[in-house]
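Colleague: I would like to go through this model term by term. Please set each label against its definition.

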Amino acid sequence: MVIQSLEYFASLVQQDDSIPLFEAALAIAQDVEPQLDLSATQAEVDILAARLQRRLAADASNVQKLRLLNHFFYRELGFAGNVNDYYDPDNSYLHRVIKTRRGIPISLAVLYMELAQQIGLNVKGISFPGHFLMKLSVQSGDIVLDPFNGASLSREELEERLEPYFEQQSYPGAIPLSYYLHAAHPREILVRMLRNLKALFLEHMRWQRLLGVQQRLLILLPDEVAERRDRGLAYANLECPQAALDDLEAYLAERPHAPDAEMLREKLPELREASKRLN
């Protein structure tokens with residue numbers, strides 16, 4: 001079943017110009033619930049979108065649609081950021097977010113954008129540093145929204161949110177604000193969702209969960225050898241020495257002088273011995 005769910009995920013993200021973001025993001029949850037009925041969850045969302053659509057006047061403007069969606073999503077349905085348990089992995093699994101009405105910015109945004117798309121609103125995700133955002137382009141410019149609560153953010157508020165990252169010097173202040181507000185590609189959004197989970201599972205050493213995340217990251221980023229290294233380390237911790245060897249040796253072949261290369265080379269003899277014992 002795990003292999004089937006990975007194959008299905010791979011089929012969804014194969015073509016860059018036609019990734020169904022909501023479906024692919026929902027499919028991530030099959031790592032924790034292999035029997036999850038994706039169609040049933042999609043149907044739940046379709047029903048919500050239909051409820052909303054019936055309230056819209058035929059000539060409703062995009063701004064009117066946005067106001068109605070905001071009221072429906074945050075006030076009526078009660079979606080909000082999970083401030084009480086922000087680092088719960090369930091905040092990243094869309095079927096759980098739909099049930100609990102709680103999530104993190106990126107999962108709330110993916111659901112919000114799916115409803116928006118179904119009522120004819122082209123809301124895009126923004127992979128903003130530290131806090132995922134959304135935007136709707138209208139004649140007067142871009143309306144930038146916080147998925148936590150639907151609040152519209154001013155230029156000053158956005159610049160204030162960037163200040164901590166400028167101080168780290170990896171986000172030079174000379175770069176204009178518009179650079180940080182470009183629309184994120186669905187592949188980029190899925191990678192960010194998975195890396196959120198990756199950070200949680202690494203911190204708590206949940207190697208089986210981490211392996212599932214790494215499998216999906218490598219489907220999305222097949223040429224990212226660092227992700228293959230991290231899958232190899234997950235395999236090593238799960239006592240799958242041959243799979244670990246394959247990944248770590250591939251990493252070292254491509255990056256023989258990486259800062260962690262020597263540390264990884266020291267692991268190889270033990271993994272080779274363990275692989276021989278199993279064979």
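**Sheet, helices and pockets**

Modeller: β3, β4 and β5, in that order, form an open sheet of 3 strands with antiparallel pairing. Its edge strands are β3 (124-126) and β5 (141-145), each of which pairs on one side only. Neighbouring strands in this sheet are turned by 35° against each other on average, direction ignored. The model is predicted: local features need pLDDT of at least 70, side-chain atom pairs count only at pLDDT 80 or more, and totals for chains, interfaces and linings use all residues. Residues are numbered from 1 along each chain as its sequence is written, and side-chain values use heavy atoms, with hydrogens and water left out.

Colleague: What makes β4 and β5 a pair?

Modeller: Two strands pair if DSSP finds at least two bridges between them. Strand β4 (residues 133-138) is joined to β5 by 5 bridges, so the two count as paired. They run antiparallel. Leu136 has Ile143 in β5 as its bridge partner, and Val138 stands opposite Gly141. A hairpin of 2 residues links β4 to β5.

Colleague: Which strands does helix α6 lie across, and at what angle to β4?

Modeller: Helix α6 (residues 105-118) lies across β3, β4 and β5 and runs at about 30° to β4. Contact means heavy atoms within 4.5 Å. Axes are lines fitted to C-alpha atoms, for helices over the stretch in contact, and angles run from 0 to 180 degrees between N-to-C directions.

Colleague: What makes a space a pocket and not a cavity?

Modeller: The grid has 1 Å spacing over the protein atoms alone; a cavity is a set of points where a 1.4 Å probe fits but cannot get out, while a pocket is an open set with protein on both sides within 12 Å along at least five of seven lines. Lining residues have an atom within 4 Å of a point. A volume is the space filled by probe spheres set on the points, which are joined across faces, edges and corners. The largest pocket has a volume of about 350 Å³. Of its 16 lining residues, the closest to the centre are Tyr86, Tyr87, Ile104, Gly130 and Asn196. Elements giving two or more residues to this lining are α6 and α8 (186-203), with the largest share, 5 residues, coming from α8.

Colleague: How many residues of the largest pocket's lining are nonpolar, polar and charged?

Modeller: The lining divides into 8 nonpolar, 5 polar and 3 charged. Ala, Val, Leu, Ile, Met, Phe, Trp, Tyr, Cys and Pro count as nonpolar, Asp, Glu, Lys and Arg as charged, and the others, Gly among them, as polar.

Colleague: Which element gives the most to the lining of the second largest pocket?

Modeller: α6 does, with 4 residues. That pocket holds about 300 Å³ of space, and its lining divides into 10 nonpolar, 4 polar and 2 charged.
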